[in-house]
Amino acid sequence: MDFSKEKEQFRDDEQYYSDFEYVTNSQLGWFDKSISFYEYRRKYADKFSPTQPMIFGDAFHKSILEPDKFKETFVMAPNVDRRTKKGKEEWSEFISSLSPHQKALTANEYDDIYIMSDIIMSDREASGLLSNGVAEDVAVWKDPQTGVLCKGKADYVGQDYIVDLKTTRDCSIQGFLDSCKKYGYFRQSAFYCDAFGVTTFYFIAIEKTSPYIMNIFMVHPKRLDDGRFEYQTILTRYKKYLDGTIESNIIVL
């Protein structure tokens with residue numbers, strides 16, 4: 001199938017995240033949590049506003065991957081005391097001055113992002129992985145085993161690898177391994193490797209507070225196999241859900 005039209009359509013973040021015809025790794029995570037949770041997120045998708053940590057994460061990604069969009073999108077908020085009448089008025093004026101696509105960052109958040117970006121791009125291996133490839137690339141496909149329509153947006157696609165940028169509280173080996181298990185990062189890495197036809201997946205992870213420790217993690221092939229089994233298992237059940245053939249909500253562990 002030719003998905004070129006859908007691929008161009010999903011380059012727009014709003015189109016990408018509002019669509020439910022093509023399932024994403026995140027949506028599979030919701031479905032894996034429970035069918036009711038997936039249906040809730042789908043039904044009220046337009047009601048979810050980004051939290052400040054999500055805005056910070058988006059700003060961090062754009063500062064490295066799309067610096068022009070970063071400058072266009074993120075505005076430094078004034079340092080005002082919103083507990084006072086004057087502060088409330090100044091804040092209201094600032095918010096009113098923003099265009100619909102602009103978002104506010106505090107001065108401290110701005111400083112954190114510039115320091116984190118500089119650390120990553122000053123590192124020889126990290127900057128090398130983020131060179132001569134495509135940022136924010138989109139893949140659209142039909143899963144060959146289930147026939148489910150899927151889509152994915154990778155942070156950075158190199159010649160035979162993918163890089164995903166992660167902000168984290170704990171960048172130690174064990175700390176990030178715990179995050180991988182908690183947030184399904186191995187499932188994500190396998191889902192994206194299969195989508196883009198690559199064999200290697202890297203995480204560039206950096207802590208959000210000083211001294212902004214950074215580590216580069218390459219996902220072991222065994223972890224990719226585990227992630228592949230996980231996403232295929234969820235996709236199989238998701239396909240039954242789409243077909244209306246799930247006979248029970250009891251899940252075999």
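Asn-132 is exposed, with a relative accessible area of 81%; exposed denotes over 50%, buried under 20% and partly exposed the range in between, for a 1.4 Å probe and protein chains only. The structure is a predicted model, in which local features require pLDDT of at least 70, side-chain atom pairs count only at pLDDT 80 or more, and totals for chains, interfaces and linings use all residues. Residues are numbered from 1 along each chain as its sequence is written, and side-chain values use heavy atoms, with hydrogens and water left out.

Asn-132 is located in the loop between helix H9 (124-129) and strand S3 (134-142); helices (H or I, at least four residues) and strands (E, at least two) are DSSP runs numbered from the N terminus. The phi of Asn-132 is positive, near 60°, in a residue other than glycine. A positive phi, of about 55°, also occurs at Glu-136, which is not a glycine. Glu-136 belongs to strand S3 and counts as buried, at 17% relative accessibility.

Most residues other than glycine have a negative phi, and most peptide bonds are trans. Between Ser-210 and Pro-211 the peptide bond is cis, with omega about 10°. Pro-211 lies in the loop that links strand S6 (200-207) and strand S7 (214-218).

Tyr-40 is situated in helix H4 (residues 35-43) and is partly exposed, with a relative accessible area of 44%.
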